[in-house]
Amino acid sequence: MWLTSSSVGRKLVMSVSGLFLILFLAFHMSMNLVAIISDEAYNGVCAFLGSNWYAVAGTAVLAAGVFVHFAFAIILTNQNRKARGVQGYEVSQSQPSVELASKNMGILGAVIFCCLLAHLSHFWAHMMLPELAGNEELLLNDGATTYAATDGAGLIKYQFKQPINVIIYIIWLVALWAHLTHGMWSAMQTLGANNKTWMSRWKMISNIFATVVCFGFMAVVIYGAIA
Ligand code: HEM
């Protein structure tokens, strides 16, 4: 199929799946900010997005999006490596205009993916998974409290009271920020928004979006650590 066999098709798949994940991030960050305002409201949102059929379908679509984005990133990286050959280009000095993030999208993606697995073990495995299994009581116990699978607000406080988790999330959010500042405008360029005026606008929009999203998530981490 053209989408998988040509390099333009593969870049298109990367761009569309990336933009889909960007939409999820904006939604997920906004949802998490509710935890700062009210525990009850946040647990209400979590219940709405709990173990019902549309939430499970949403999770499946999301997992497919992450899988496609990750798999095509590996394919494109290998393809670029092969195109450059073992020796690489003769002139390997990069232009100053090529940002650090653009040269390290693969490594940033790998860091983000590993931290995502840690994140799912912190939250998803203690919320949706036990609910799906029909067990609303978490195995999590901080000595004083046992957290129910429906208590997302309590879980945020529990997870971010542990300094190691705060460190993991800081590394994750910095990597995500750098990945988004390049990835978002690069996706728009692949989709055809590549004239000079619009490229500089998309670069600005990408920087603002990445900063707002990552600061939003960070605010929840800090709130969980001090609440
Ligand atoms: C302060 C930061 C964050 C908090 C407090 C948080 C909170 C949560 C919670 C409570 C869930 C479980 C929802 C449920 O199972 O009902 C969840 C799931 C998830 N989170 Fe986060 N999240 C954060 C950051 C992120 C980031 C930065 C990403 C992506 C880069 C992300 C990706 C996901 C994904 C993919 C799921 C699974 C969604 C699903 O089950 O449909 N999260 N998060």
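User: How are residues numbered here, and what pLDDT do local features need?
Analyst: Residues are counted from 1 along each chain, in the order in which its sequence is written. Since the model is predicted, totals for chains, interfaces and linings use all residues, side-chain atom pairs count only at pLDDT 80 or more, and local features need a pLDDT of at least 70.

User: Which element of the chain has the highest mean pLDDT?
Analyst: pLDDT is the predictor's confidence in each residue, on a scale from 0 to 100, and the chain has a mean of 88, with 89% of its residues at 70 or more. Among the elements, strand β1 (residues 137-141) has the lowest mean, 60. The highest mean, 97, belongs to helix α9 (residues 163-190).

User: How many helices and strands does the chain have?
Analyst: Helices (H or I, at least four residues) and strands (E, at least two) are DSSP runs, numbered from the N terminus. Read from that end, the elements follow the order α-α-α-α-α-α-α-β-β-α-α-α. The count is 10 helices and 2 strands.

User: What percentage of the residues in the chain is buried?
Analyst: A residue is buried if 20 or more other C-beta atoms lie within 10 Å of its own, exposed if 12 or fewer, and partly exposed in between, with C-beta atoms placed from the backbone. Of the 227 residues in the chain, the buried ones make up 24%.

User: Which residues are closest to the ligand?
Analyst: A residue is near a molecule or strand if its C-beta atom, placed from the backbone, lies within 6 Å of it, and 21 residues surround the ligand. Two or more residues of this shell come from each of α2 (7-37), α4 (53-84), α6 (105-122), α8 (152-160) and α10. The closest residues are Thr59, Phe123, Met127, Met128 and Val220.

User: How many residues of the shell around the ligand are nonpolar?
Analyst: Ala, Val, Leu, Ile, Met, Phe, Trp, Tyr, Cys and Pro count as nonpolar, Asp, Glu, Lys and Arg as charged, and the others, Gly among them, as polar. By this division the shell has no charged residues and 7 polar ones, while the nonpolar residues number 14.

User: Why do the buried residues of α6 line one face of the helix, and against which elements do they pack?
Analyst: The buried residues of α6 are Leu108, Gly109, Ile112 and His122. Seen down the helix axis they fall within an arc of 125 degrees, so they line one face of α6; the arc is that of the directions from the helix axis to the C-beta atoms. The face turned away from this buried side carries the exposed residues Ile107, Leu117 and Ser121. The buried residues pack against α4, α5 (100-103), α8 and α9.

User: Against which elements do the buried residues of α3 pack?
Analyst: In helix α3 (residues 39-48), the buried residues are Tyr42, Asn43 and Cys46. Seen down the axis of α3, these fall within an arc of 95 degrees, so they line one face of the helix. On the other side, Glu40, Ala41 and Phe48 are exposed. The elements against which the buried residues pack are α2 and α8.

User: Does α4 lie largely in the open or largely buried, and what number of its residues is buried?
Analyst: Helix α4 has 32 residues and reaches 46 Å from its first C-alpha to its last, close to the 46 Å expected, where the expected span is 1.5 Å times one less than the number of residues. It lies largely in the open, because the number of its residues that are buried is 2.

User: Which residues is Phe209 in contact with, leaving aside its neighbours within four places in sequence?
Analyst: Phe209 is found in helix α10 (residues 196-226), and it is partly exposed because 18 other C-beta atoms lie within 10 Å. Two residues are in contact if their C-beta atoms, placed from the backbone, lie within 7 Å. With those neighbours set aside, Phe209 is in contact with Leu180 and Met184.

User: How many Å apart in space are Ala225 and Phe160, C-alpha to C-alpha?
Analyst: Ala225 lies in helix α10, and leaving aside its neighbours within four places in sequence, it is in contact with Phe160, Lys161 and Val166. Ala225 and Phe160 are 65 residues apart in sequence, whereas their C-alpha to C-alpha distance in space is 4.7 Å.
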